[in-house]
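Welcome to a short briefing on the chain you are about to see. Have a look at it first, then read on for its overall build, its surface and one of its helices.

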Amino acid sequence: MDIKHGFISADDHVQEHPEVWTKRLSKAKWGDRIPHVEKQADGSECWLIDGKKADLRGVALAGAAMPDRARDPQRWADVPKVAYVPSERLAAMDVDGVDYSVLYPTVAGRAGEGFATLTDPELELACCEAYNDFLVEEWASVSPRFIPQCIVPMAGEAAGKEIRRAVAKGHRGVVMPSVPMMIRKVPHINEADYDPIWAACEELNVPVCFHSGASREIQFPPYEGFSTELAAALEAITRPVSSVLIVANFLYSRILHRYPKLKVIFSETSLAWGAYELELADHQFERQRINTEGYDLKPSDLFKRNCHLVGWFDSTGLKTRQHLGLNTILWSTNFPQSTSTWPESHKAIDRCFDGIPANERRQVLVDNTAKLYNLA
């Protein structure tokens with residue numbers, strides 16, 4: 001591991017280019033069901049997946065690199081190369097003082113939910129495989145500074161097999177929707193149907209990552225009278241804190257008791273609410289011991305053993321670090337989304353970490369993420 005700047009960003013996004021799926025999936029077999037970019041009547045462009053418009057505000061999510069951060073590009077010609085060209089991204093990382101970047105998808109969904117809506121399991125798997133191959137072939141192969149994470153289909157057995165295939169190719173983490181049952185008719189995430197996923201991640205020692213924004217159903221809907229910019233600002237606030245519900249489920253489900261070595265990352269979450277949630281979870285756990293069989297740890301201890309939150313702007317959240325557990329906190333730039341601290345992430349870091357001892361700063365900015373992703 002080569003650390004020059006003193007910062008591993010635990011949550012950034014690749015912008016998939018228009019040929020990611022069209023050059024990897026059979027046109028003869030899938031036709032226009034293949035994810036692709038298509039021009040609309042008003043001259044703008046959008047992504048279509050199985051003939052349906054993807055849930056994106058533009059043809060790319062790259063606000064941080066746009067002249068106006070509140071506006072994502074509406075035509076591919078306007079997408080900044082830094083969003084989708086690996087060499088350009090490396091230069092942007094150097095400008096921002098980032099040593100390594102953990103990669104999440106965009107068209108495939110921030111949380112990998114883009115393909116979870118597909119009811120054809122063969123197409124879903126083909127789309128996931130194509131993305132996973134693309135990320136290794138076109139990003140990870142360019143530089144070891146890119147940390148690739150695979151996406152998976154929602155069928156547990158198929159997902160377990162794809163995790164093993166992808167990790168063998170070089171993937172270091174697994175991204176999946178936290179609420180698949182809100183996306184299509186599949187079992188609740190706590191059911192044994194997903195055990196092949198947890199088992200594969202535990203065995204291979206790779207984290208499973210639940211990025212915020214997996215479903216709009218758990219976010220407060222913006223008022224119809226809001227401008228596009230104001231609606232986007234509201235979403236940027238409600239998306240991270242919607243993870244409150246996801247973390248609560250994992251604190252009380254038996255998943256982490258059954259898979260004690262499973263590492264879970266809740267990405268783009270912010271931090272401050274986490275301390276309150278752990279305190280509340282412990283309070284309720286102690287007062288409602290109706291059935292504690294199988295629960296050998298209280299929620300806060302379980303969290304500190306298995307779970308991680310990701311901050312990128314929140315100095316208030318770092319004040320709760322002893323309550324959360326210093327080992328549970330990761331940091332990111334969230335590039336190239338509009339809420340990113342790029343290109344002045346180190347200014348944000350200096351502000352947020354003011355007064356925090358150097359060893360603790362190093363643990364959050366480098367060591368925790370390096371350990372999770374096995375960066376030697």
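Accessible areas here come from the Shrake-Rupley method with a 1.4 Å probe. Please keep in mind that this is a predicted model. By that method, the chain exposes about 15,800 Å², and carbon and sulfur atoms supply 52% of that area.

**Overall build**
- You will find 16 helices and 12 strands in the chain.
- The radius of gyration is 20 Å, close to the 21 Å that the globule rule gives for 376 residues, so the chain is as compact as a globular protein of that length.
- Along the principal axes, the C-alpha atoms fill a box of roughly 60 × 50 × 45 Å.

**Inside the fold**
- Of the 376 residues, 57% are buried.
- Taking contacts between residues at least 6 apart in sequence, 72% join residues at least 24 apart.

**A look at helix H12**
- Helix H12 spans residues 299–306, and its buried residues are Pro 299, Ser 300, Leu 302, Phe 303 and Asn 306.
- These residues lie on the same side of H12, because they cover an arc of only 160° around the axis.
- Among the helices that the buried residues of H12 pack against are H9 (243–252), H10 (255–258), H11 (272–287) and H14 (321–324).
- Strands S10 (264–267) and S11 (307–311) also pack against the buried residues of H12.

Notes:
Residues numbered from 1 in each chain as written. Predicted model: local features only at pLDDT ≥ 70, side-chain atom pairs only at ≥ 80, totals over all residues. Heavy atoms only, no water. Buried < 20%, exposed > 50% of the residue type's maximum accessible area, 1.4 Å probe, protein only. Helix = DSSP H or I, 4+ residues; strand = E, 2+ residues; numbered from the N terminus. Arc of directions from axis to C-beta. Contact = heavy atoms within 4.5 Å. Rg over C-alpha atoms; globule rule 2.2 N^0.38 Å.
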